[in-house]
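Here's a quick briefing for anyone opening this structure for the first time. Have a look around, then read on.

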Amino acid sequence: MMKKLIFTILMLTMGIVNAQKNIYESNKFDDLSEDHQVLAIIPFLTKLDLTDDISKTELKNLEEKEGYAVQNALETYFSKRKKKKKFSVEFQNIKNTNAILAQNDISFKNIDVYTIKQLSEILGVDGIISGNIDLNVLLSNGVSTDFNFMDYFSGSANYGRIGVKISDGDSGKLLWKYEKEINKKSGKNTNDLIDRMMKLAARKFPYDREKRRDRKQSN
């Protein structure tokens with residue numbers, strides 16, 4: 001029992017350290033985000049590398065499904081944590097975000113041709129949460145989290161990679177980025193993945209009200 005507890009603590013510590021290594025924050029974050037009040041979460045650009053024999057059209061539809069699943073999972077995470085951690089910003093309802101995008105003829109298929117500044121202006125927000133996800137499985141459908149060390153040698157433990165970005169609406173500049181490999185330890189589905197990875201990044205999340213207050217006091 002004690003060995004299992006020590007192992008769990010060790011893995012958690014390693015996870016937190018790795019999360020902090022994979023986080024970038026602009027040295028101009030405070031200046032650029034000082035007046036931020038509302039952020040929009042947009043669908044994530046997705047690339048699927050599946051072994052299934054499917055058509056290009058079906059593959060594009062599945063990529064779109066995964067992209068919206070990450071958007072939904074991030075909103076769920078922020079909604080839950082908002083009750084526990086007081087963020088210094090609000091998050092636009094993704095139903096409103098997607099409705100406004102659709103009204104402006106912006107879809108998953110063409111959203112990547114618009115700049116951060118353009119999207120922020122169209123959505124009426126101060127910043128954009130976006131990102132990329134590369135997968136070799138359909139994470140939104142659920143995946144196996146059972147693994148052994150042989151999985152790492154065979155490569156079957158690796159499901160892909162995700163990057164979460166926050167950009168300033170006015171300047172379009174990157175403010176914060178968190179990248180993470182996705183494997184069998186990351187979570188059983190999209191919501192589980194986002195919940196676990198964002199918890200590891202919680203101490204470094206730039207819009208945490210306490211973190212920003214402590215940083216201002218240190219300055």
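A word on terms before the tour: two residues are in contact when they have heavy atoms within 4.5 Å. Keep in mind that this is a predicted model. The chain has a mean pLDDT of 81, and a search of the whole structure turns up two cavities of 30 Å³ or more.

**How confident is the model?**
- Along with that mean pLDDT of 81, 78% of the residues reach 70 or more.
- Residues 1-20 are a stretch to take with caution, with pLDDT below 50. Beyond near neighbours in sequence, this stretch makes seven contacts in the model.
- Residues 145-156 also stay under 50 in pLDDT, and the model gives them 14 contacts beyond four places in sequence.

**Helix 3 against helix 4**
- Helix 3 covers residues 56-82 and helix 4 covers residues 94-103.
- Their axes come within 10 Å and cross at roughly 140°, so helix 3 and helix 4 are oblique to each other.
- On the helix 3 side you'll find Tyr68, Gln71, Asn72 and Glu75, which meet Ile94, Thr97 and Asn98 of helix 4.
- Sorted by class, this contact has two nonpolar, four polar and one charged residues.

**Helix 4 against helix 5**
- Helix 5 spans residues 116-123, and it packs on helix 4 at an angle of about 105°, with the axes 10 Å apart.
- That angle makes helix 4 roughly perpendicular to helix 5.
- Here Thr97, Ile100 and Leu101 from helix 4 meet Leu119, Ile122 and Leu123 from helix 5.
- The residues of this contact split into five nonpolar, one polar and no charged.
- Thr97 of helix 4 turns up in both contacts, meeting helix 3 as well as helix 5.

**The second largest cavity**
- The second largest cavity has a volume of about 30 Å³.
- Its lining is made up of Pro43, Tyr68, Asn98, Leu101, Ile106, Ser107, Phe108 and Ile111.
- By class, those lining residues are six nonpolar, two polar and no charged.

Terms used
Residues are numbered from 1 along each chain as its sequence is written. This is a predicted model: local features need pLDDT of at least 70, side-chain atom pairs count only at pLDDT 80 or more; totals for chains, interfaces and linings use all residues. Side-chain values use heavy atoms; hydrogens and water are left out. On a 1 Å grid over the protein atoms alone, a cavity is a set of points where a 1.4 Å probe fits but cannot get out, and a pocket is an open set with protein on both sides within 12 Å along at least five of seven lines; lining residues have an atom within 4 Å of a point. Grid points are joined across faces, edges and corners, and a volume is the space filled by probe spheres set on the points. Ala, Val, Leu, Ile, Met, Phe, Trp, Tyr, Cys and Pro count as nonpolar, Asp, Glu, Lys and Arg as charged, and the others, Gly among them, as polar. Axes are lines fitted to C-alpha atoms, for helices over the stretch in contact, and angles run from 0 to 180 degrees between N-to-C directions. Helices (H or I, at least four residues) and strands (E, at least two) are DSSP runs, numbered from the N terminus. Angles under 35 degrees count as roughly parallel, over 145 as roughly antiparallel, 65 to 115 as roughly perpendicular and the rest as oblique. pLDDT is the predictor's confidence in each residue, from 0 to 100.
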